[in-house]
Amino acid sequence: MEFEGRYRQAQRPKYECLLFDLDDTLYPYNSGIASQCRKNIEDYMVEKLGIEESKIPDMCNLLYKYYGTTMAGLRAIGYNFNYDDYHSFVHGRLPYDKLKPDPVLRHLLLNLPIRKVIFTNADKIHAAKVLNKLGLEDCFEGIICFETLNAQSNSSSPCDPTAATNIFNILEHFSQPAAGSELPKTPIQCKPSMDAMEHALRIANISPQRSIFFDDSVRNIQSGKSIGLHTVLVGNSHRVKGADHALESIHNIKEALPELWEEAEKSEDVRYKGKVAIETSVTA
Ligand SMILES: [Mg+2]
């Protein structure tokens, strides 16, 4: 029995899954998508939710900072809106043509015989469009997206102005803090909430200790580290607390994590050489 245990251990690769954020991770931040996305969110807040334009930049910063996404923050402070309507407004008009096929990344991913899963806060339509534009649609086993974590249907009308009568004033909360005033909770599950991330891993049957998480957001990386994932900050070559590695570009993945390809080669050897290779690694 003991031999069997050692035998299995010797054959078990260190990592079994790579978990990738999508936006600004699989393509560069300066693609033009991120800036237009922010603009669309601001327009939604003015046009659909009737928020005063002068308050938008500060509100966006606070909501994003404290709730993970502006959308999660808007719901927390009392705005009620239809999620699909929000996503189609914010993502539906993005300049997707700025994203070009990435055959280099495609080749890198397809040569790794290990589970690869997307984990994004965005909706499934956006995720599918981005992957399609990058030419990576067949490189991943699955996509964990907004709908995966927020499966309960949201039946609000596209925008319900009657629901906007009791809004928590987040600007005042921070500029003139009142004793006992607490930030309301959001009903939306998203990164970097550790609960949401653990929920996502359970859904996809991913063991954090045996997975590597790639994301361009420092706080997502730090939450990932806290729940036991190995972490790679993308888009910045300076390693921060919580990041095991830092890559300027996702294209540097092979230089930063050569062991992934070494393990892949080893497993290829085992596959082709059969029993002999297995016995060799057991006695090594
Ligand atoms: Mg991102």
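Reply: A residue counts as buried if 20 or more other C-beta atoms lie within 10 Å of its own, as exposed if 12 or fewer do, and as partly exposed in between. The model is a predicted one, and with that cut-off both faces of strand S1 (residues 17-20) are covered, since Cys17 and Leu19 on one side and Leu18 and Phe20 on the other are all buried.

Me: Which strands are joined to S1 by bridges, and which residue of S4 is the bridge partner of leucine 18?
Reply: S1 is joined by 4 bridges to strand S2 (residues 115-119), and these two strands run parallel; within that pairing, leucine 18 stands opposite lysine 116. Another 4 bridges join S1 to strand S4 (residues 211-215), again with the strands running parallel. In S4, the bridge partner of leucine 18 is isoleucine 212.

Me: In what order do the 6 strands form the open sheet, and which are the edge strands?
Reply: The pairing is parallel, and the 6 strands follow the order S3-S2-S1-S4-S5-S6 in an open sheet. Each edge strand pairs on one side only, and these are strand S3 (142-144) and strand S6 (245-247).

Me: Which residue of S6 is the bridge partner of leucine 233, and what angle does helix H11 make with S5?
Reply: Strand S5 (residues 230-234) is joined to S6 by 3 bridges, and the two run parallel; the partner of leucine 233 in S6 is alanine 246. Helix H11 (residues 218-226) packs on the sheet, where it touches S4 and S5, and its direction makes with that of S5 an angle of about 175 degrees.

Me: Where do the buried residues of H2 fall when the helix is seen down its axis, and what covers them?
Reply: Helix H2 (residues 33-47) has 15 residues and reaches 21 Å from its first C-alpha to its last, close to the 21 Å expected at 1.5 Å a residue. Its buried residues are Ile33, Cys37, Ile41, Tyr44 and Met45, and, seen down the axis of H2, they fall within an arc of 115 degrees, so they line one face of the helix. On the other side of H2, Ser35 and Glu47 are exposed. What covers the buried residues includes helix H3 (56-67), helix H4 (70-76) and helix H5 (83-92).

Me: Aspartate 24 and asparagine 205 each have a positive phi without being a glycine; is asparagine 205 buried or exposed?
Reply: Aspartate 24, with a phi of about 65 degrees, lies in the loop between S1 and H2 and is partly exposed, with 18 other C-beta atoms within 10 Å. Asparagine 205, with a phi of about 55 degrees, is found in the loop between H10 and S4. Asparagine 205 has 10 other C-beta atoms within 10 Å, and it is therefore exposed.

Me: Which residues does a cis peptide bond join, and in which loop does proline 192 lie?
Reply: The bond has an omega of about 5 degrees and joins lysine 191 and proline 192. Proline 192 lies in the loop between helix H9 (170-175) and helix H10 (194-203).

Terms used:
Residues numbered from 1 in each chain as written. Predicted model: local features only at pLDDT ≥ 70, side-chain atom pairs only at ≥ 80, totals over all residues. Expected span 1.5 Å × (residues − 1). Arc of directions from axis to C-beta. Contact = placed C-beta atoms within 7 Å. Pairing = 2+ DSSP bridges. Axes fitted to C-alpha atoms, helices over the stretch in contact; angles between N-to-C directions.
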